[in-house]
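Hello,

Please find the structure below.

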Amino acid sequence: MGKATTRKSGDLPSLLNHTGTGCPGRRLNGDCLGASCTRTLPCKIQGQLGIIGRIAFESRSLERAKGMRRVSGSPVLAVDGVEYVAQANKQLLHPVSFTLDKGSILAIAGPNGAGKSTLLNLLSGLEPLATGKVILEGKDFGSMSAAERAKRIAVVSQHGNPDGRLKLRDYVALGQMPIWSDRSEPEHAAHLDQVLNFTRLTDLAESPMAHLSGGERQRAHIARAFAQRPHLLFLDEPTNHLDPDAKGRMLSLIASLGVTVVMIVHDLVMIPEFATHVALMKAARLTHFGPVADVLTPANVQDTFGVEYLEFSHDGRVIAALDIRKTELEAPTQQEKLT
């Protein structure tokens, strides 16, 4: 039996070559960043922005914020005084500090414009960090090389739009590019088969991405991130545009991956079932953080969203619901009426 060989960093799997498009960033320092890449030039293999390249990431010291919200145990993620100020001194995110243990599933929730996506982008490196620190597994995220970050985290955004000609299997395999030098080609192939099976995509492996439904495409994005073997997975509204049953199946998949997860979730009623912790945000501030049972309370939901949060016992479980009522609007004047 021949000895399994390991590819050198920078050598791409042959399965990518059939596209004939190449990868504009694949030789950048010999490293591919996979799902963590934020290159602003288009990657033709992916057919989308921000897949190959180096993350621009800067960090400067900040006095440790008081009252850091702590999840008990050894944290995989520690956030210390992270904030974001845009042009004209507009505060898009006030200082945020918290820690999160390995294996936790954190749901970030809040009204539109609360700063959820800004926070997620800063934590994942999609937005350069200027103020505060992000510590991943005890190491300053800003001190890590781009390749090292790509081996630790993966990101699933809302705007993934790969080339529709790519077969699903090839698209998912792109997630292995940052870790290609870590294992032999047969080992990568075996793990790819496991990922496709786990995400229930085996039967669609040879289908072009353009032929997939919205739910299948979203599963493909998650499979691609999972193929990267991340320690920490970031997801921006993973259930967006899915029907209720598909949302449940998608969150069940995420909860069963066995990695630490930070995700933005708009469906409050699904958080108790699928998350371990929740961060509530309002007006660019982190207002509440902790275990779901402690944070997702009627008072906190009312304060954050202005709606009533209800809980019912059903079949041995507690079911959450929102009491959203029709608002009586002031009658328009004659001039305001639609013609």
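Predicted model: local features only at pLDDT ≥ 70, side-chain atom pairs only at ≥ 80, totals over all residues.

**Confidence**

Residues are numbered from 1 along each chain as its sequence is written, and side-chain values use heavy atoms, with hydrogens and water left out.

The protein chain has an average pLDDT of 79, and 77% of the residues score at least 70. Confidence is lowest in strand S2 (residues 48–49), with a mean of 29, and highest in strand S11 (residues 277–282), at 98. Helices (H or I, at least four residues) and strands (E, at least two) are DSSP runs, numbered from the N terminus.

**The sheet of six strands**

Six strands form an open sheet with mixed pairing, in the order S8-S9-S10-S5-S11-S12; two strands pair if DSSP finds at least two bridges between them. Strand S8 (153–156) and S12 stand at the edges with a single partner strand each, so one side of each has no neighbour in the sheet. On average, neighbouring strands of this sheet are turned by 15° against each other, direction ignored.

Strand S9 (residues 232–236) pairs with strand S10 (residues 260–264) in the parallel sense over five bridges. Here Leu233 stands opposite Val261 in S10. S11 and S12 pair in the antiparallel sense over six bridges, and His277 stands opposite Pro291 in S12. S11 and S12 form a hairpin with two residues between them; in the turn, Ala283 has a positive phi of about 50°.

Helix H9 (residues 298–305) lies across strand S5 (105–109), S11 and S12, and runs at about 35° to S11. Such axes are lines fitted to C-alpha atoms, for helices over the stretch in contact, and angles run from 0 to 180 degrees between N-to-C directions.

**The sheet of four strands**

An open sheet of four strands has antiparallel pairing and the order S4-S3-S6-S7. Its edges are strand S4 (91–101) and strand S7 (139–140), each with a single partner strand, so one side of each is left without a neighbour in the sheet. Strand S6 (residues 131–136) pairs with S7 in the antiparallel sense over two bridges, and Asp140 in S7 is the bridge partner of Ile135.

**Two helices**

Helix H5 (residues 214–227) and helix H6 (residues 244–255) have axes that come within 11 Å and cross at roughly 10°. That makes H5 roughly parallel to H6, because angles under 35 degrees count as roughly parallel, over 145 as roughly antiparallel, 65 to 115 as roughly perpendicular and the rest as oblique. Gly215, Gln218, Arg219 and Ile222 of H5 make the contact with Met250, Leu253 and Ile254 of H6.

Regards

Note on methods. pLDDT = per-residue confidence, 0-100. Contact = heavy atoms within 4.5 Å.
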